[in-house]
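Look at the sequence and the fold together before reading on. The paragraphs below go from the strands to the ligand and then to the aromatic rings.

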Amino acid sequence: MKVIKVKNYEEMSEEALKVVLEVVKGNEGSVLGLATGSTPLGLYAKMAQDHKENGTSYAECRAVNLDEYVGLDASSDQSYVYFMRENLFKHIDIKLENTHIPNGKAPDKNAECARYNALLGELRQDIQVLGIGSNGHIAFNEPGTAFDSVTHIVDLAESTIKDNSRLFNSIDEVPRQAFTMGLSNIMNAKKILILANGEGKANAIRELVLGEIREEVPASILRNHPDCILICDESAGKYI
Ligand code: F6R
């Protein structure tokens, strides 16, 4: 794993943009694996700005997202499909029909997992963007998830519900389940870009970089990936 330590969130997002642009410019039909959460917002803003100012086109790109809450769809402003439209898709020229996120309102959850997993088989990510949870989760793969997991439904860990409650009116509104890519779907990406900022991620980054590779720290599997880049700011990287 290549580690790039930068000063702050702005520099992290700037460096991340360079990595994404290198992929997109080398292949205009790239498959972009995308994440939600606070971490990639700076990157997405920079992609939007670069698209506007420099004309980088995503018209031929496809996108696959990591996860979605069970029970939410685009009509909910807490859903990840809404998040992606508002924070990235509507600011670049990607075609919405080429963007994919598990359907949080799917009537048959197991069938939805199978559908999404098959889709990931067809759309191998040229790059997968990731954030990391304070407990070392990636996507919604919580500690203890099998390294060979595929798309599945998870019961969210209490720590994740608490972390994510800042985005809801109250902690009771945070869904208790989510659809998520499994760890093997993430590892299947040709390139992985994991971003981390802030002190709250410092322990997770220490475990990712220096700890043992083990299922209790889902992100640690990334050390086995042949082309993984970690970009973290000083606070998140303070132990490494
Ligand atoms: C988001 C996702 C999560 C987040 C992680 C960090 O699609 O799958 O794993 O990347 O929870 O969240 P933030 O960036 O909000 O700190």
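What follows is a walk through selected parts of this model.

The model is predicted, so local features are given only at pLDDT of at least 70 and side-chain atom pairs only at pLDDT 80 or more, while totals for chains, interfaces and linings use all residues. Residues are numbered from 1 along each chain as its sequence is written, and side-chain values use heavy atoms, with hydrogens and water left out.

Begin with strand 10, which spans residues 228-233. Helices (H or I, at least four residues) and strands (E, at least two) are DSSP runs, numbered from the N terminus. Strand 10 is mostly covered, with 6 of its 6 residues buried. Here, buried means under 20% relative accessible area, exposed means over 50%, and partly exposed lies in between, with a 1.4 Å probe and protein chains only. In a regular strand the side chains alternate between the two faces of the sheet. Both faces of strand 10 are covered: one side carries Cys-228, Leu-230 and Cys-232, the other carries Ile-229, Ile-231 and Asp-233, and all are buried.

In strand 10, Asp-233 stands opposite Val-6, and Ile-229 stands opposite Leu-193. Strand 9 and strand 10 also belong to a right-handed β-α-β unit, together with helix 7 (residues 202-210). A crossover is right-handed if, with the strands pointing away from the viewer, the path from the first strand over the helix to the second runs clockwise.

Strand 2 pairs with strand 3 (residues 62-65) in the parallel sense over 4 bridges, and the bridge partner of Leu-34 in strand 3 is Asn-65. Strand 2, helix 2 (residues 41-54) and strand 3 make a right-handed β-α-β unit. Strand 2 also pairs with strand 6 in the parallel sense, over 2 bridges. There, Leu-32 has Ile-127 of strand 6 as its bridge partner.

Strand 8 (residues 177-180) contains Phe-179. Phe-179 counts as buried because its relative accessibility is 0%. The C-alpha atoms of Phe-179 and Arg-62 are separated by 20 Å, and the two residues are 117 apart along the chain.

Now turn to the ligand. Which of the 14 residues around the ligand come nearest? They are Thr-39, Asp-67, His-137, Ala-139 and Lys-201. A residue is near a molecule if one of its heavy atoms lies within 4 Å of it. A polar side-chain atom of Thr-39 lies 2.4 Å from an oxygen atom of the ligand. For His-137, a polar side-chain atom lies 2.7 Å from a ligand oxygen atom. Ala-139 places a backbone N or O atom 2.7 Å from an oxygen atom of the ligand. Taken alone, the ligand exposes 410 Å², and the protein buries 93% of that; these areas come from the Shrake-Rupley method with a 1.4 Å probe, and for residues only the protein chains shown count as cover.

Ala-139 sits in the loop between strand 6 (127-130) and strand 7 (152-155). Its relative accessible area is 8%, so Ala-139 is buried. Most residues other than glycine have a negative phi. Ala-139 has a positive phi of about 50° although it is not a glycine.

The last topic is the aromatic rings. The whole structure holds 4 aromatic pairs. Rings of Phe, Tyr and Trp (its six-membered ring) pair if their centres lie within 6.5 Å; planes under 30 degrees apart count as stacked, over 60 as edge-to-face and the rest as tilted. The rings of Tyr-69 and Phe-140 have centres 5.7 Å apart and planes at 40°, so this pair is tilted. The pair links distant parts of the chain, 71 residues apart: Tyr-69 is in strand 4 (residues 67-69), and Phe-140 is in the loop between strand 6 and strand 7. Both Tyr-69 and Phe-140 are buried. The rings of Tyr-80 and Phe-140 have centres 6.1 Å apart and planes at 10°, so this pair is stacked. Tyr-69, Tyr-80, Phe-140 and Phe-168 form one aromatic cluster.

Terms used: Pairing = 2+ DSSP bridges. Polar contact = N/O pair within 3.5 Å; in protein donor to acceptor, adjacent residues only side chain to side chain.
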